[in-house]
Amino acid sequence: MANHSQLGFQDASSPIMEELVEFHDHALMVALAICSLVLYLLTLMLMEKLSSNTVDAQEIELIWTILPAIVLVLLALPSLQILYMMDEVNEPDLTLKAIGHQWYWTYEYTDFKDLSFDSYMTPTMDLPQGHFRLLEVDHRMVVPMESPIRMIITADDVLHSWAVPTLGVKTDAIPGRLNQTSFITTRPGVFYGQCSEICGANHSFMPIVVESTPLKYFEAWSSLLSS
Amino acid sequence: MVCLCTASGAVISGGALGGASRWFRRESGSGGESHFDGNCDAMAEDIRTKLEHYKTAPFDSRFPNQNQTRNCWQNYLDFHRCEKAMAAKGADATPCQWYYRVYKSICPMSWVTTWDEYREEGTFPGKI
């Protein structure tokens, strides 16, 4: 989950998010380099250290054409690499459905049995000591760790959006449409997210909690719920 | 393309089991004999094996993008068409279970319930 006044990304819990964080750091360095150069040139200009009697500036024209082109390539290549990585065909182990309602999520696990449950936010007055306000839910979405998961996201009434920042997932939940996304959790843990499309009075109060556990605990949990 | 043998020996081919996008059509002129008979038992075994090892709906190249609505709809239709066709021929409907498993995995339960009700009422918008 995010800490208060947190500026940066949460630690990545999926391979795609790791790549996105790396790319962000790279892009930020490029942006910092450009800003530094501009600031430097601006300072020189203000101190009247730059020559202003140039008529034919072939060399500098060449430099400030080639250099930006190189910068753009440096940005585009990793960006496209990640874009294509996100679209890779991965045969999932499990298909889960998340259905947005006003104002809770329903999770369905129907590969074998018809397992379905609602996930409501835990009201603050019922929150146990030490738990996270406005983030905890009564029933978490449990997934086996290190397994490719296919998520099918839809909604029952209005637009919602299913987002879990640490997994690098945000997908709109649209009534009448099934949106597919996928992720792999690299480690066990509890991952939080919040509804990311305005959906009425309690839009801020329908969080998402994904619990990633080893396969045997997942199987035990799903057997318990199916019985 | 998948061949499915009926009790009468005529061959019904097609289906999405191999990723093809045709639904069932009869091979013309197959009559009471077919040179696919030898393959049919092997195919039926393949389907059973696939069903036994079913984990979840596999990648379907007909629906490669984010929007999987049509995938759900198509498999729901294919299952009911398969059941109807097999019942009409008096054949084993076990291979149809593939479509059932796939639509069960992908389609929200509420959608399936609604469509089942429409079918019972006779107001289902799809052609089965």
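**Salt bridges, burial and backbone**

Modeller: Over all chains, a search of the whole structure finds 8 salt bridges. This is a predicted model, in which local features need pLDDT of at least 70 and side-chain atom pairs count only at pLDDT 80 or more, while totals for chains, interfaces and linings use all residues. Residues are numbered from 1 along each chain as its sequence is written, chains are lettered from A and ligands numbered from 1 in the order in which they are written, and side-chain values use heavy atoms, with hydrogens and water left out.

Colleague: Why is the pair A:Asp93 and B:Lys55 said to join two chains?

Modeller: A:Asp93 lies in the loop between helix 2 and strand 1 (94–101) of chain A, and B:Lys55 lies in the loop between helix 1 (37–52) and helix 2 (69–89) of chain B, so the two chains are joined by the pair. Helices (H or I, at least four residues) and strands (E, at least two) are DSSP runs, numbered from the N terminus.

Colleague: Why is A:Asp93 called partly exposed?

Modeller: Buried means under 20% relative accessible area, exposed means over 50%, and partly exposed is in between, using a 1.4 Å probe and protein chains only. A:Asp93 has 29%, so it is partly exposed. B:Lys55, with 42%, is partly exposed too.

Colleague: Which partner does A:Asp114 have in a salt bridge?

Modeller: The partner is B:Lys104, with the closest N and O atoms 3.1 Å apart. This pair also crosses between chains, from the loop between strand 2 (104–109) and strand 3 (115–119) of chain A to helix 3 (residues 97–106) of chain B. A:Asp114 is partly exposed at 45%, whereas B:Lys104 counts as buried at 16%.

Colleague: What makes helix 3 of chain B largely enclosed by the rest of the structure?

Modeller: The answer is a count: 8 of its 10 residues are buried, so the helix is largely enclosed. Among the buried residues are B:Trp98, B:Tyr99, B:Tyr103 and B:Lys104.

Colleague: And what do B:Arg48 and B:Asp92 tie together?

Modeller: Their side chains meet in a salt bridge at 2.6 Å, N to O. B:Arg48 is in helix 1 of chain B and B:Asp92 is in the loop between helix 2 and helix 3, so the pair ties together parts that are 44 residues apart in sequence. B:Arg48 is partly exposed at 32%, and B:Asp92 is partly exposed at 42%.

Colleague: Which residues are linked in a network of salt bridges?

Modeller: A:Glu136, A:Arg140 and A:Glu211 are linked in that way.

Colleague: How do you know whether A:Asn179 is buried or exposed?

Modeller: Its relative accessibility is 3%, so A:Asn179 counts as buried. A:Asn179 lies in strand 8 (residues 179–183) of chain A.

Colleague: What makes the meeting of A:Asn179 and A:Arg177 a polar contact?

Modeller: A polar contact is a pair of N or O atoms within 3.5 Å; within protein, one must be able to donate a hydrogen and the other to accept it, and residues adjacent in sequence count only if both atoms are side-chain atoms. The two side chains make their contact at 2.8 Å, so the distance falls within the limit. The side chain of A:Asn179 also reaches the backbone oxygen of A:Asp172 at 3.0 Å.

Colleague: Why is the phi of A:Leu134 worth a remark?

Modeller: Most residues other than glycine have a negative phi, and most peptide bonds are trans. Phi of A:Leu134 is near 65°, a positive value. A:Leu134 sits in the loop between strand 3 and strand 4 (141–144) of chain A, and it is buried at 18%. A:Ser5 has a positive phi as well, near 55°, but A:Ser5 counts as exposed at 64%.

Colleague: Where is there a cis peptide bond?

Modeller: It joins A:Gln102 and A:Trp103, with omega about 0°. A:Trp103 lies in the loop between strand 1 and strand 2 of chain A.

Key
Salt bridge = Lys/Arg side-chain N within 4 Å of Asp/Glu carboxyl O.
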